[in-house]
Amino acid sequence: MLEETDGPAGFIDESLQYESSWERAEDFERRYGDRLEYYGASMGAVRGTVRNAARRYPDLGHDDVTALASELWSRPVFERRLAAVVLLQSFVRLLRSSDLTRIEGFLRSAHLPELVDPLAVDVVGPLLLRLPGPEAARAQAVLHRWAAADDAWLRRAAVLAHLPAFRAGEGDDPSFRRTVRLVSGAQQGRVSAVEEAVDLVRASGAG
């Protein structure tokens, strides 16, 4: 396990705190609520910090990246969790279908579209596009389970994960329609957060 006070996790946390602004932190709390703490670092600072960490620690492999993402996510600080998302975006080429279990845990505790949407669109979606046959089938099974889940954020993520494929002209209409049917049959159905996702994917060309 990567140590909080040392290594990439400590470097990222210290950098984010250095970039903090109490005015921005208060604005984030007004916009996103009090479920999370806020350092008040900008999105640009979060992305720059992750880039700097990747340069500082150039030998990060799959296990390092996934452990670091979990370490960052483990504390309920918005910028740390956003850094975990950016990290996974940056190293999506290393991810496997088995990593969807970890990502599911992130989605269940995200509570905000600002965290859920980039996980779905910039991590899960690209992962699905690059997985080979058997792994792709396993990943699709996970997404169908998300689509039928009671958790609305999982359902939203299951829908939005189709977006990169449709934007690239590689969308799978039957799979998307099945996702929508599963979402509609879930206990809480298509709440507004899920309806918005369905509309967004349809606007990108889904049938």
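Trainee: Is His 111 buried, partly exposed or exposed?

Mentor: The model is a predicted one, in which local features need pLDDT of at least 70, side-chain atom pairs count only at pLDDT 80 or more, and totals for chains, interfaces and linings use all residues. Residues are numbered from 1 along each chain as its sequence is written, and side-chain values use heavy atoms, with hydrogens and water left out. Buried means under 20% relative accessible area, exposed means over 50%, and partly exposed is in between (1.4 Å probe, protein chains only). His 111 has a relative accessibility of 29%, so this residue counts as partly exposed.

Trainee: Where is His 111 placed, and what is its phi?

Mentor: Helices are DSSP runs of H or I with at least four residues, and strands are runs of E with at least two, numbered from the N terminus. His 111 is placed in the loop between α6 (100–110) and α7. Most residues other than glycine have a negative phi. His 111 is not a glycine, yet its phi is positive, at about 65°.

Trainee: How many aromatic pairs are there?

Mentor: Rings of Phe, Tyr and Trp (its six-membered ring) pair if their centres lie within 6.5 Å; planes under 30 degrees apart count as stacked, over 60 as edge-to-face and the rest as tilted. By this rule, the number of aromatic pairs is nine.

Trainee: Which kind of pair do Phe 11 and Tyr 57 form?

Mentor: A pair of aromatic rings is described by the distance of the centres and the angle of the planes. For Phe 11 and Tyr 57 the centres are 6.4 Å apart and the planes stand at 70°, so the pair is edge-to-face.

Trainee: How many residues apart are Phe 11 and Tyr 57?

Mentor: Phe 11 belongs to helix α1 (residues 7–18), whereas Tyr 57 is in the loop between α3 (43–56) and α4 (62–73). The pair therefore links distant parts of the chain, and the separation is 46 residues.

Trainee: Which kind of pair do Tyr 32 and Tyr 38 form?

Mentor: The ring centres of Tyr 32 and Tyr 38 lie 6.4 Å apart. Their planes are at 40°, so the pair is tilted.

Trainee: Which residues do ring pairs link into a cluster?

Mentor: Tyr 32 and Tyr 38 are both buried. Ring pairs join these two with others into a cluster, whose members are Phe 28, Tyr 32, Tyr 38 and Phe 78.

Trainee: With which residues is Arg 81 in contact, leaving aside its neighbours within four places in sequence?

Mentor: Arg 81 is also in helix α5, and at 8% relative accessibility it counts as buried. Contact means heavy atoms within 4.5 Å. With neighbours within four places set aside, the contacts of Arg 81 are Leu 36, Leu 72, Trp 73, Arg 75, Pro 76, Ser 109 and Leu 115.

Trainee: Which residues does Ser 21 touch, not counting those up to four places away in sequence?

Mentor: Ser 21 is found in the loop between α1 and α2 (22–32). With 16% relative accessibility, Ser 21 counts as buried. Not counting residues up to four places away in sequence, Ser 21 touches Tyr 39 and Gly 40.

Trainee: Is Arg 56 buried or exposed?

Mentor: Arg 56 lies in helix α3. Its relative accessible area is 53%, so Arg 56 is exposed.
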